[in-house]
Amino acid sequence: MTDHDHNHDHDHDGAHQAAPPEVTLRVAALESLLIEKGLVDPAALDALVDSYEHKIGPRNGAKVIARAWTDSAYKTRLMADATRAIAELGIGGMQGEHMVAVENTPKVHNLVVCTLCSCYPHSILGLPPVWYKSSPYRSRAVIDPRGVLREFGLELPQDTEIRVWDSTAEIRYLVVPQRPAGTERLGEEQLASLITRDAMIGVALVHPPRTQESL
Amino acid sequence: MNSVHDMGGMHGLGPIQPEQNEPVFHERWEARVFAMVRAMGSWRKWNIDASRHQRELIPGADYLRMSYFEKWLAGLIELMIKKGLITRAELESGHAAAGSAKLTPALTADKVPLMLAKGSPANRDSNTTPRFQAEQRVRTRNINPEGHTRLPRYARAKNGTIDRIHGVFVFPDTNAHFQGEKPQHLYSVRFTARELWGEQAAAQDTVYLDLWDDYLDPA
């Protein structure tokens, strides 16, 4: 085996595929060309980046879920017309125009994927993590959801019904996780702080707070 | 098209590698690519289906090797050249061709909040009656177009059940090729995991896909 083969075989140290270093220069050159031609406004690019880095993220989805857990009328509206119910909280827009909420129960677990590209509810959960966009997740979520969940440390009972949602159109899916036991006294904001992005994709459960005193 | 992007059901693509405290963008160039794709979309020279198809056209070996935002960059460049927004010579020189007019950007910073809040709904007003009703049995067509489709290989020529009717939506197979939106009903179709994968799948598991009229026949 040559050194090259050796390096190649072991080049699996992170899901984030490192791009060739020259890509930074290529992108900078492209941006400068587009600015020179009047095709893009650099301030608009800054505003877009700032929106996804600081404003739009999984806290949006967590608010929706916490409201659904604490307000049964809201939950009914969410399950019937998620786009409209989410808009009640001032959330929605780009890549969240058509939402469907799917609910986990003691018998049913939902998992969201996009096998064909990386469709994801940006306005509700922010931009997707690298693993969601990666070939391993996209390829196996539909054929081996139990194996995939096991890789996330989630072992479901054998008789749980797993529903996998392959986002093949412009409908975006939000998993409504089960509210963990022992959180009856928590308010909406405290509940929201427990709800993770992964739970709203369906690769994790929501766990109660670690310290019992906080209940 | 039957390319590697249609990877549902494949094995051997490696372990899933979640990253703790993952940043929204790992490097600044990723953020700039993402923003340029959104900003250039505002020129309305193409549509989301054409963007997806352009990334599918990346040769398979490259597709698997490239990171997500490298694919976005490659797709954006090809679309801009195809639509005459930039030329290959300009891309190589890094400068606008001599004498070319300076345009006014389609998306300015002040318009970003509204663009993000409005999005681009893909449903269309229509009075047509859906061909299928909830709980009706359907069979997906066995189609293998060289162009864009959102019917994955793993769900072709399979029996399923209409779970819900989403309404009338733009049809990607034509829209991606600028052949019109051909709006038609979109359905959530439920398949048993065993119909798709055989006896190895758990009997109670299901997979749901969003599929258009043109992908479906009565079972």
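Me: In which loop is B:Ile58 found?
Reply: Helices (H or I, at least four residues) and strands (E, at least two) are DSSP runs, numbered from the N terminus. On that basis, B:Ile58 is found in chain B in the loop between α2 (48-56) and α3 (60-65).

Me: What is the basis of the model and its numbering?
Reply: The model is predicted, so local features need pLDDT of at least 70 and side-chain atom pairs count only at pLDDT 80 or more, while totals for chains, interfaces and linings use all residues. Residues are numbered from 1 along each chain as its sequence is written, and chains are lettered from A and ligands numbered from 1 in the order in which they are written.

Me: Is B:Ile58 buried or exposed?
Reply: A residue is buried if 20 or more other C-beta atoms lie within 10 Å of its own, exposed if 12 or fewer, and partly exposed in between, with C-beta atoms placed from the backbone. B:Ile58 has 20 other C-beta atoms within 10 Å, and is therefore buried.

Me: Which residues does B:Ile58 touch, not counting residues up to four places away in sequence?
Reply: Two residues are in contact if their C-beta atoms, placed from the backbone, lie within 7 Å. B:Lys71 is 13 residues from B:Ile58 in sequence and 7.7 Å from it in space, C-alpha to C-alpha. The residues touched by B:Ile58 are B:Tyr63, B:Met66, B:Lys71 and B:Ala74.

Me: How many residues does each chain give to the contact, and which helix of chain B supplies the largest share of its side?
Reply: The contact takes 68 residues from chain A and 71 residues from chain B. On the chain B side, at least two residues each come from α1, α4, α5 (88-93), α6 (112-118), β2 (159-169) and β4 (206-212). The largest share of that side is nine residues, and they come from α1(B).

Me: How do the residues of the side of chain B that touches chain A divide?
Reply: Ala, Val, Leu, Ile, Met, Phe, Trp, Tyr, Cys and Pro count as nonpolar, Asp, Glu, Lys and Arg as charged, and the others, Gly among them, as polar. The residues of that side divide into 40 nonpolar, 18 polar and 13 charged.

Me: In which sense do strand β3 (residues 161-166) of chain A and β4(B) pair?
Reply: Two strands pair if DSSP finds at least two bridges between them. Here there are four bridges, and A:Val164 has B:Val207 as its bridge partner in β4(B). The sense is parallel.

Me: In which sense does β3(B) pair with β2(B) and β4(B)?
Reply: Strand β3 (residues 184-192) of chain B is joined to β2(B) over seven bridges, in the antiparallel sense; B:His185 is the partner of B:Val168. Seven bridges also join β3(B) to β4(B), where B:Leu186 has B:Trp212 as its partner. These two strands likewise run antiparallel.

Me: Which residues have the most contacts inside the largest nonpolar core?
Reply: A nonpolar core is a set of buried Ala, Val, Leu, Ile, Met, Phe, Trp, Tyr and Cys residues joined through C-beta atoms within 7 Å. The largest has 78 residues, and its largest share, six residues, comes from helix α4 (residues 58-70) of chain A. Those with the most contacts inside this core are A:Ile65, A:Val164, A:Leu174 and A:Ile195.
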